[in-house]
Amino acid sequence: MLPTIELARPEAAQASVLSRGEAASLLGVSVNTVAKLLDSGFLPGLEASSVMALSQAPQVRVTDGVLPVLRTGAPAAPTREGDDRELIGAGASMTDVQFLEGARQWWRCDAGTVTSAGVLVIAVAGWVVGVLAVHGVQETRAWKPGEVRHSFAADLVGRVGRLDDAGSFRVMTPVPALAELVARLLGARVQGAVSGGPIAYLAP
């Protein structure tokens, strides 16, 4: 009589913790980029299941128009004189007000493109962690000769708590079309955007 068997997937591998180098290899990024994800709090640890969730995030491709993307890092105090934000960057532990104020100002960018799009995507290490609805330019300042920066009148319409947990994603707008776009963007991966500064532009 042939033996009877069953197959079980090894649970130890699912619960194992990766090194930063292993996580970087799995995600196709540098070790420094993994550090940025950890420092921001959007990736709370290097459990294999968490890193795998990020590796399987869908890629954002624009089929019409232009999608502005603010590529930022972990929260930090601003160092530039005249910058009155409490924090710059984006982090999971920031309040909604801190997140909004840190993201909507002060940027060297094509302000017309941002306002025409009506949204500004916030990405850390290439993963979307927030979305602003942009209503227009609030203020423009000449920080130094030849350097103009803009702040936008904007609302926070979406945020990520943890990139490895879709249940932590918040859509914060009642506008149906915008809510649908935000829901599709949160947690997705943005690559291939063209930029000469922190705000990049993803086009078809």
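Which residue's side chain meets that of Glu-139 in a salt bridge? Select Arg-141: in this predicted model, its side chain and that of Glu-139 form the bridge, at 3.1 Å from N to O. Arg-141 is partly exposed, with a relative accessible area of 26%, and Glu-139 is also partly exposed, at 34%.

Next, select Asp-96, which lies in helix α5, residues 96-103. Asp-96 is partly exposed, at 29% relative accessibility. Leaving out residues up to four places away in sequence, Asp-96 touches Leu-156, Arg-159, Arg-170 and Met-172. The Asp-96 side chain makes a polar contact with the side chain of Arg-159 at 2.9 Å, and another with the side chain of Arg-170 at 2.7 Å.

Now centre on Arg-170. Arg-170 and Asp-96 form a salt bridge, with their closest N and O atoms 2.7 Å apart. Arg-170 belongs to strand β5 (residues 170-171) and Asp-96 to helix α5, so the pair ties together parts that are 74 residues apart in sequence. Arg-170 is partly exposed, with a relative accessible area of 36%.

Move on to Asp-164. Its salt bridge partner is Arg-162, and the closest N and O atoms are 2.7 Å apart. Asp-164 counts as buried, at 18% relative accessibility, whereas Arg-162 is partly exposed at 36%.

To finish, select Asp-96, Arg-159 and Arg-170 together: salt bridges that share partners join them into one network. A search of the whole structure finds 6 salt bridges.

Methods
Residues are numbered from 1 along each chain as its sequence is written. This is a predicted model: local features need pLDDT of at least 70, side-chain atom pairs count only at pLDDT 80 or more; totals for chains, interfaces and linings use all residues. Side-chain values use heavy atoms; hydrogens and water are left out. Helices (H or I, at least four residues) and strands (E, at least two) are DSSP runs, numbered from the N terminus. Buried means under 20% relative accessible area, exposed over 50%, partly exposed in between (1.4 Å probe, protein chains only). Contact means heavy atoms within 4.5 Å. A polar contact is a pair of N or O atoms within 3.5 Å; within protein, one must be able to donate a hydrogen and the other to accept it, and residues adjacent in sequence count only if both atoms are side-chain atoms. A salt bridge is a side-chain nitrogen of Lys or Arg within 4 Å of a carboxyl oxygen of Asp or Glu.
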